[in-house]
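Here are my notes on the model, as numbered points. Have the structure open while you go through them.

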Amino acid sequence: MLNIIIEASQNFCIHQIRVPYEMVDDISEMRTVIASIDIELLGGKKQRVYIGATLDFAQRVAAALLEEDASDEETLVDMVLETANLIVGSAKVLSQREPQYAFTLRTPNFEKIGLFDVAYDKAKILKVQNDAMILAIKEI
């Protein structure tokens, strides 16, 4: 399932914020705005998707979507929630290619601003220059 989330996040970078990116494995401690979305696969298995974006990544999204050069913290939280919604919503569409991965999703939730120290099963980092977005998933 994480592979579908990763593909959706890559599409987000290409089509929404229009910037080149790289995928890395090193999940280092960094201060992020963390959002989560619960999903349920058709077989009843439940997972939680976490999106943790650095403040600079969230500002990059605000600049692309809202044309704001300097957003306040509340707006940056909203941008991460919207990013989570766009990425997981896109992943839902992509999952239709492989019926065993089809899922329903809930509304995104704001977790916190702080170190990305949530428990997860698998994770990747999407980097855009010095900005980063952590993509993680946990079975619940």
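**Notes on side-chain pairs and contacts**

1. Let's start at leucine 2, which sits in helix H1 (residues 2-15). Helices (H or I, at least four residues) and strands (E, at least two) are DSSP runs here, numbered from the N terminus. A word on the source: this is a predicted model, where local features need pLDDT of at least 70, side-chain atom pairs count only at pLDDT 80 or more, and totals for chains, interfaces and linings use all residues. Residues are numbered from 1 along each chain as its sequence is written, and side-chain values use heavy atoms, with hydrogens and water left out.

2. Is leucine 2 buried or exposed? Leucine 2 is buried, at a relative accessible area of 8%; the cut-offs are under 20% for buried, over 50% for exposed, and partly exposed in between (1.4 Å probe, protein chains only). Leaving out residues up to four places away in sequence, leucine 2 touches Lys122, Ala123, Lys124, Leu135 and Ile137, with contact meaning heavy atoms within 4.5 Å. Look at alanine 136 too: its C-alpha atom is 7.3 Å from that of leucine 2, although the two residues are 134 apart along the chain.

3. On to the rings. A search of the whole structure turns up two aromatic pairs. The criterion is that rings of Phe, Tyr and Trp (its six-membered ring) have centres within 6.5 Å; planes under 30 degrees apart are stacked, over 60 edge-to-face, and the rest tilted. Tyrosine 50 and phenylalanine 116 are edge-to-face, because their planes stand at 90°, with the ring centres 6.4 Å apart. Tyrosine 50 belongs to strand E3 (residues 46-53) and phenylalanine 116 to the loop between strand E5 (109-115) and strand E6 (122-128), so this pair ties together parts 66 residues apart in sequence.

4. Both of those residues are worth a look for burial. Tyrosine 50 counts as buried at 8% relative accessibility, and phenylalanine 116 is buried at 7%. Phenylalanine 116 also pairs with tyrosine 120, in a tilted arrangement with 6.1 Å centre to centre and 45° between the planes. Tyrosine 120 is partly exposed, at 33%.

5. How many salt bridges does the structure hold? There are eight, each defined by a side-chain nitrogen of Lys or Arg within 4 Å of a carboxyl oxygen of Asp or Glu. One of them joins glutamate 40 and arginine 106 at 4.0 Å, N to O. That pair links distant parts of the chain, 66 residues apart: glutamate 40 in strand E2 (residues 31-41), arginine 106 in the loop between strand E4 (103-105) and E5. Glutamate 40 is partly exposed, at 25%.

6. Arginine 60 and aspartate 131 form another salt bridge, at 2.8 Å, N to O. Here helix H2 (residues 55-66) supplies arginine 60 and strand E7 (residues 131-139) supplies aspartate 131, 71 residues apart. Aspartate 131 counts as buried, at 9%.

7. Finally, lysine 138 and aspartate 121 meet in a salt bridge at 3.6 Å, N to O. Lysine 138 is in strand E7 and aspartate 121 in the loop between E5 and E6, so the pair ties together parts 17 residues apart in sequence. Both partners are partly exposed: lysine 138 at 26% and aspartate 121 at 46%.
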